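Trainee: Please take a close look at one part for me, the charged side chains. Then carry on into whatever you judge worth checking.

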Amino acid sequence: MSYQALYRKYRPKDFSNVKGQEHIVTTLNNQIKGDRIGHAYLFCGTRGTGKTTVAKIFAKAVNCENPKENGPCGECAMCRAIEEQSSMNVVEIDAASNNRVDDIRQVIDEVQYSPAEGKFKVYIIDEVHMLSVSAFNALLKTLEEPPSYLIFILATTEAHKIPLTILSRCQRYDFKRISVDTIAERLKELLDREGIEAEERALTYIARQADGALRDGLSLLEQCISFYFGKKLTYENVLNVLGAVDQSVYHRLLQALAENRVNGVMDVVAGIVEQGKDLTQFVNEFVWYLRNILVVKTSEEPADLVDMSEESLQEMKTFAEQVELEMIFRYIRILSALAGDMKYSNNKRVMLEVAFIKLCRPQLEKDYDSLVNRLHNLEQMNEELQVALEEGTIAVSASGGETGAKEALAPKKEIRPEAVPEDVKSVVANWKQVLARMSPVSRTMLDEVRLSVSDSGMLILAFSQSTTAEYFKKEERQQELIDVAGQLTGKEIQLDIRYVESKREMNTLPELRNIIKNVEIVLED
């Protein structure tokens with residue numbers, strides 16, 4: 001006999017070998033045992049989850065002369081005829097190529113005749129959503145009043161395209177995506193039968209790439225063992241064949257992004273290109289890696305949601321601590337959009353490099369996630385500066401010695417009289433001058449602020465984002481604004497930092513800039 005692909009060679013012969021769809025095979029098996037067989041079934045689900053396989057097993061089981069606990073016996077004349085595709089009782093129709101009304105009318109003409117042998121005529125219509133509207137209408141009457149010996153099994157990957165009149169006359173069964181563990185176990189079982197050695201890590205990776213479709217997993221497995229025929233299938237071999245990237249590369253890439261090292265990011269991209277990896281697949285896998293980082297960072301029991309070894313999980317937890325939650329959201333948002341755009345691009349590498357440079361330069365954007373990214377960068381720079389000062393690697397004063405250094409680090413504070421409400425209004429009237437003297441990050445953080453004044457004469461800074469409010473609640477950042485205002489007014493203003501989540505509450509605060517926009521108060525530098 002000629003060579004058969006693994007997914008055909010090891011196609012389940014009875015319900016016991018169907019993996020990951022126990023809720024469906026149990027129901028169908030009980031219907032056969034209780035003689036409660038329906039006349040129309042709708043099998044829905046993604047590709048490779050077992051819809052056609054279960055349909056064929058069910059067709060054999062209802063016609064089997066000696067049914068067993070797990071469905072058909074596989075030994076009687078009817079089972080053998082159906083298996084060899086020589087029985088007239090089971091007819092498979094591909095609706096993708098037989099979708100005209102004439103094709104369905106031919107089926108309707110055939111079903112008028114009862115089976116010459118066996119109990120039921122079973123019509124399996126694959127990709128039924130491809131039928132034309134007129135073809136569905138022609139099928140409707142037969143579904144509504146079928147002969148007692150007729151069973152229709154409709155299989156589709158897009159159930160939403162099927163008319164409601166058809167859906168309402170069928171028993172619907174939704175085939176779930178098969179779990180990674182179930183696929184990996186099945187692959188291991190089949191390799192044992194074939195006498196082929198494989199690393200557990202390699203099979204788990206193939207199972208993950210199958211994306212819930214056992215048939216896809218078998219196809220990928222066959223591709224790998226064909227390339228390394230006669231050798232043990234290792235994790236590295238699988239990565240080479242499937243054009244995938246080792247997890248450590250994603251660790252290095254995330255670390256370079258978190259540290260804003262453009263050179264480090266470009267080195268990773270260059271290495272991926274030199275190895276001939278598919279860049280779109282690389283982006284999609286990196287997004288999935290970031291998803292795992294997100295799960296590890298937010299879940300109390302990440303082991304249940306992230307499919308990896310305990311060692312890899314601990315390593316990922318270490319990396320998760322280095323990045324803010326909003327930074328991960330930003331990375332996923334930008335890279336997900338990139339993955340969609342790269343499908344239609346002729347220069348994927350340029351698009352990828354531009355996106356990574358954008359990730360390393362959050363100051364190019366003004367959205368919430370980017371502001372958090374910039375805050376993270378500032379805090380990182382501040383930590384490095386503190387370490388450098390403690391180690392004495394920064395020369396604070398050229399000749400002042402220890403005393404000069406202390407004076408440089410802690411200059412004397414100018415004593416100013418306390419500001420009154422009119423002084424606060426003067427600051428607001430010349431807000432552009434205030435912003436011009438602020439640091440770039442503080443200036444950006446003040447873009448969305450509402451300025452108001454309290455009864456006691458305090459300048460109210462009301463923020464609608466908690467991140468910006470937290471930024472200005474730190475004493476050194478408030479002092480920067482107080483000093484700038486003091487330089488303009490000669491007075492010491494007091495600040496009231498508020499986080500106002502409710503729009504209604506925010507609107508109750510008068511915006512001073514609107515009130516005094518027609519008043520021009522000139523202040524001397």
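Mentor: Start with Glu 158. Its relative accessibility is 25%, so Glu 158 counts as partly exposed. That class lies between buried (under 20% relative accessible area) and exposed (over 50%), with a 1.4 Å probe and protein chains only. The partner of Glu 158 is Lys 161, in a salt bridge whose closest N and O atoms are 2.9 Å apart. The term requires a side-chain nitrogen of Lys or Arg within 4 Å of a carboxyl oxygen of Asp or Glu. Lys 161 is partly exposed too, at a relative accessible area of 45%.

This is a predicted model, where local features need pLDDT of at least 70, side-chain atom pairs count only at pLDDT 80 or more, and totals for chains, interfaces and linings use all residues. Residues are numbered from 1 along each chain as its sequence is written, and side-chain values use heavy atoms, with hydrogens and water left out.

Now the wider set. The whole structure has 18 salt bridges. One of them joins Lys 13 to Glu 83, with the closest N and O atoms 2.8 Å apart. Lys 13 sits in the loop between helix H1 (6-9) and H2, and Glu 83 sits in helix H4, so this pair ties together parts 70 residues apart in sequence. Helices (H or I, at least four residues) and strands (E, at least two) are DSSP runs, numbered from the N terminus. Lys 13 is partly exposed at 40%. Glu 83 is partly exposed at 39%. Lys 60 joins Lys 13 and Glu 83 in a network of salt bridges.

Lys 56 and Glu 92 form another salt bridge, at 3.3 Å from N to O. That pair also links distant parts of the chain: Lys 56 is in helix H3 (residues 51-63), Glu 92 is in strand E2, and 36 residues separate them. Glu 92 is partly exposed, at 42% relative accessibility.

Next, charge against rings. Arg 201 lies over the face of Tyr 235, 3.7 Å from the ring centre. Arg 291 does likewise over Trp 288, at 4.6 Å. The rule asks for NZ of Lys or CZ of Arg within 6 Å of the ring centre and within 35 degrees of the ring normal.

Tyr 235 leads on to the aromatic pairs. The structure holds 14 of them. Rings of Phe, Tyr and Trp (its six-membered ring) pair if their centres lie within 6.5 Å; planes under 30 degrees apart are stacked, over 60 edge-to-face, the rest tilted. Tyr 205 and Tyr 235 have ring centres 5.9 Å apart and planes at 85 degrees, so this pair is edge-to-face. Tyr 205 belongs to helix H9 (residues 200-209) and Tyr 235 to helix H11 (residues 235-242), 30 residues apart. Both tyrosines are buried. Elsewhere, ring pairs link Tyr 41, Phe 43, Phe 58, Tyr 173 and Phe 175 into a cluster.

Stay with H11. Of its 8 residues, 6 are buried, so H11 is largely enclosed by the rest of the structure. Those buried residues are Tyr 235, Asn 237, Val 238, Leu 239, Val 241 and Leu 242. The cover over them includes H9, helix H10 (214-227), helix H12 (247-258) and helix H14 (279-298).

Two loop residues deserve a check. Asp 35 is not a glycine, yet its phi is positive, about 55 degrees. Asp 35 lies in the loop between helix H2 (22-33) and strand E1 (40-44). Asp 35 is exposed, at 64%. Gln 85 also has a positive phi, near 60 degrees. Its loop runs between helix H4 (77-83) and strand E2 (90-94). Gln 85 is exposed, at 65%.

Cysteines next. The count of disulfides (cysteine sulfur atoms within 2.5 Å) is 0. For Cys 44 the nearest cysteine sulfur is that of Cys 170, 9.0 Å away. Cys 44 is buried, at 3%. For Cys 73 the nearest is the sulfur of Cys 64, 3.4 Å away. Cys 73 is buried as well, at 14%.

Last, confidence. The mean pLDDT (the predictor's confidence in each residue, from 0 to 100) is 81, and 84% of residues reach 70 or more. Over residues 394-420 it is below 50; this stretch has 28 contacts (heavy atoms within 4.5 Å) beyond near neighbours in sequence. Residues 518-525 are also below 50, with 15 such contacts. Where pLDDT is low, the predicted coordinates should not be read in detail.
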